[in-house]
Amino acid sequence: MNDDRDTATPLLRVSDLGYSYGQRPACREVSFDLYPGEVLGIVGESGSGKSTLLSCLSGRLDSGPGHVWYDRRPDGLVDLATLSEAERRLLMRTDWGVVQQNPRDGLRMGVSAGANIGERLMAVGDRHFGTIRSVAADWLTEVEIGLDRMDDLPLSFSGGMQQRLQIARNLVTGPRLVFMDEPTGGLDVSVQAKLLDLLRRLVTDRSLSVILVTHDLAVARLLAHRLMVMKEGRVVEDGLTDQVLDDPHHPYTQLLVSSMLQV
Amino acid sequence: MYVAVKGGEQAIDAAHRLLADARRGDRTVPELGIAQIAQQLALAVDRVMTEGSLYDRDLAALAIKQARGDLIEAVFLLRAYRTTLPRLAVSLPIDTAAMAVERRISATFKDLPGGQVLGPTFDYTHRLLDFALAAEEGATEPAPPAAEADLQPMPRVTDILAKEGLIAGEPADDDGPVGDITREPLVFPADHDLRLQSLARGDEGFLLGLGYSTQRGYGRTHPFAGEIRLGSVVVELVPEELGFPIDIGEVVVTECQMVNQFRGSKQQPPQFTRGYGLTFGHCERKAMAMALVDRALKTRDLGGEVTAPAEDDEFVLSHCDAVAASGFVEHLKLPHYVDFQGELAMVRTLRQAGENGDTDGERQ
Amino acid sequence: MSDQTGYNFAYLDEQTKRMIRRAILKAVAIPGYQVPFAGREMPLPYGWGTGGIQVTAAVIGPADVLKVIDQGADDTTNAVSIRRFFARTTGVATTTKTTEATLIQTRHRIPEHPLSEGQIIIYQVPIPEPLRRMEARDSETRKMHALQEYGVMHVKLYEDIVRFGRIATSYDYPVRVNGRYIMAPSPIPKFDNPKMDRMPALQLFGAGREKRIYAVPPYTRVESLDFEDHPFEVQRWEQACALCGAADSYLDEVVVDDQGGRMFVCSDTDHCAGRRQGADGTLQLLLPKDAAQ
């Protein structure tokens, strides 16, 4: 692994993680550390196990063998498997964010944009309508959605706007770790570019740690500090993004890189 | 001058008198007898027993008479009566393989041991009104002599398939007590025994619609009628003092086994899956609908994704009880004027605010 | 035995009463929490008060005095029907006077006259789950209560303010009980919510069709949900009661002619009659200026 990261506690430590659907293993023996402010990209073709890995990490699947530790304030590293459901759900609402590939899965489509952003605040006890509304307004501005859309339903938003709303909804409680599953999937190229700029800015400004699953190496290059390449459930290569993409060692990585469209 | 409306008691008494009068109708017409209902409206009696969860033909007939033919009202009467009955014992499960069969058909095999026995059925009638029936003392055929006991073995189709391992078995929990939805509240997800109980008591119309929906693409189960059998079965229980089963009587039931599209995966070889329906008396349509819905409700357990209403156990089981449903639907007739008052005031206020142009959320 | 031949006192068998009382004890121990119970089929239809009736039947004793109201009135047909049911199956004394009752079964109102320690008020509840309109699945709402995930409730209130400028719920207004559970107070008008807060009487809630019992013990905090800057408010009328002049009770609107003529009268008939009762026991019409308060 990289030597010039400081020796502070990792935000997330994964050791020998695996998951199987019935008899079929989807991912196995995955290990890595993630530090505050780092963006880790997980790349590979579909079926490589990257989405399953993300689901295990973000607590949506109860993982099989292996451990995941998270640096929960103020306790330090805790094994996620030892948390009660209440503790885990609280973590997911405050310290973590999950940005779904399809924004409809990560938003309440039947309530206004402002309510979508304000919900987490209300869930942790905020009771001042005016304040909730002004925080929501700030976030809409931050993700470049016009304030005149605050009371509109997400149904009326374009795909790119829905995705940005989803991001705002997740970031409002100041999470330290965000899981993203193909955040630019389904968006056209210019919209993607705008979204990627936004993500890059947010990540830097807020020292967010991100675990980003994508099949698009261009997205990975733009956002991720480090990459993990997965094939058939296993990590076949990892390292600094530029190193992995410019000088791939594993034949599978070489194949992926060579099939990237050179723009 | 306004005087608050009083006299609710008198109004109710008068309503009851009117009801009794309407129930009797034209006094020159002979009064309906319980025996007539039990004999000649037997299918209505069967339905009331099934949804009322009480096997007593005369009581069901009485309920139908008292309810003036409204079957859901009759079911309600029977259920309320059932509540007051003491629980004396729990019988052994009835053995439909040992049924004295009156009707038995299978759509999955052209012929099978015991044969296809049509029994009394509307299936092949032409739906032409028979005006001869309008005459009350019409010449009817004398009752046929009692049929000889059928000594042919009549194995159940599902047992035939099971011998070859072709149909998935039910996970048996023989040691566990059978749940009772009339004694414990239903909590979701519900176990199979409680689901079947709810379906057995469920409204025939509701289940029929849901079963129909599974055939039209709302959920894919591709059912075959493996077997439908109607007849009487012996009810046995084991009294504590004796320690062996004794025969306490007979009930007539209709049983339907639906056989559904085979499932399978890389680990498990393909098998047929089952849907089960059971009713008191001859409630064939209900037994079939119940079997379709039973199978649909197994979708999640069998690893499928719930996409259709008939596959959603909370939806189906919360709404299939006609007594609960009609109670709540009809409760809308009760006065709600206090709450309506609140809504009236709210709507007026909001309209006022709208006219004054201050619906701005920031205000206030 | 009661005079209704063949039925136990208060209709239910003792086993069932015991089961219901156990549920009630659990409910009182966890204020605002919905306790599932195996509701019985009653001779009145679901939706017409079977939950309230089962709770009353489980707690009523020969020395009790029972009052039954619907929409605040003792003589609406359903109140009459339920009162008769208990008269027949228990022989217990009944009353229309709130002050004389030990048990009050009610649909959709709390009496105007404050209740006292030792009284029990039993509410008829159609939908016990306050989150039901936002989440149809019982399996999910149970989890939300257990984990205090009530954000979605406030989202609904937020949306109201955005759309209407105010919280638009006028009845069955959700409350927080003892600082923990969010509870549906039954479709009482929000006007009545403040009466629930630290009420000296025991409050029991029965939902027969949905098979849930819940409770608020005496002197328990009951707070209506709101925002700090959009506080909870009760309804007010410009008019006073046309019969007794009361300016602080919940008023029913009565249509008196087909020209849109209206008058307002107290919903709580006992309260209204009590204010109008002359020294000789007759009822008078009090005009607002006569209503010495």
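Predicted model: local features only at pLDDT ≥ 70, side-chain atom pairs only at ≥ 80, totals over all residues.
Local features were considered at pLDDT of at least 70 and side-chain atom pairs only at pLDDT 80 or more, whereas totals for chains, interfaces and linings use all residues; side-chain values use heavy atoms, with hydrogens and water left out. Residues are numbered from 1 along each chain as its sequence is written, and chains are lettered from A in the order in which they are written.

In chain A, 6 strands form an open sheet of mixed pairing, in the order β6-β7-β8-β3-β9-β10. Strands and helices are DSSP runs numbered from the N terminus, with at least two residues (E) for a strand and at least four (H or I) for a helix; two strands pair if DSSP finds at least two bridges between them. The edges of the sheet are β6 and β10 (234–240) of chain A, each of which pairs on one side only. Neighbouring strands are turned by 15° against each other on average, direction ignored, where axes are lines fitted to C-alpha atoms and angles between N-to-C directions run from 0 to 180 degrees. Strands of a sheet pair through backbone hydrogen bonds, either parallel or antiparallel. The parallel sense is found between β3 (residues 39–43) and β8 (residues 209–214) of chain A, which share 5 bridges. Within this pair of strands, A:V43 has A:T214 of β8(A) as its bridge partner.

Helix α2 (residues 85–94) of chain A has the buried residues A:R89, A:L91 and A:R93. Buried denotes under 20% relative accessible area, exposed over 50%, and partly exposed in between (1.4 Å probe, protein chains only). The buried residues of α2(A) pack against β4 (67–72), β6 (96–99) and α4 (113–123) of chain A, together with α4 (138–146) of chain C; contact means heavy atoms within 4.5 Å. A network of salt bridges links A:E85, A:R89 and A:R93 with C:E140, C:K143 and C:E149. A salt bridge is a side-chain nitrogen of Lys or Arg within 4 Å of a carboxyl oxygen of Asp or Glu.

Between chains B and C, 49 residues of chain B are in contact with 68 residues of chain C. The buried area, defined as the accessible area (1.4 Å probe) that two parts lose on being put together, summed over both, is about 4,800 Å², with carbon and sulfur atoms giving 56%. The interface has 7 salt bridges, and one salt bridge joins the side chains of B:R79 and C:E41 (2.6 Å, N to O). On the side of chain B that touches chain C, the elements giving two or more residues are α1 (8–24), α5 (71–84), α10 (313–319), α11 (322–330) and α12 (337–355). Helix α12(B) gives the most, with 11 residues.

Over all chains, 65 salt bridges are found. The side chains of B:E51 and B:R47 meet in a salt bridge (3.0 Å, N to O); both residues lie in helix α3 (residues 42–52) of chain B, 4 residues apart, about one turn of the helix. B:E51 counts as buried because its relative accessibility is 2%. A further salt bridge joins C:R109 and C:D192 (2.6 Å, N to O). This pair links distant parts of the chain, 83 residues apart: C:R109 lies in the loop between β4 (103–107) and β5 (120–124), and C:D192 in the loop between β7 (181–183) and α6 (193–196) of chain C. C:R109 is buried, with a relative accessible area of 1%, and C:D192 counts as buried at 0% relative accessibility.
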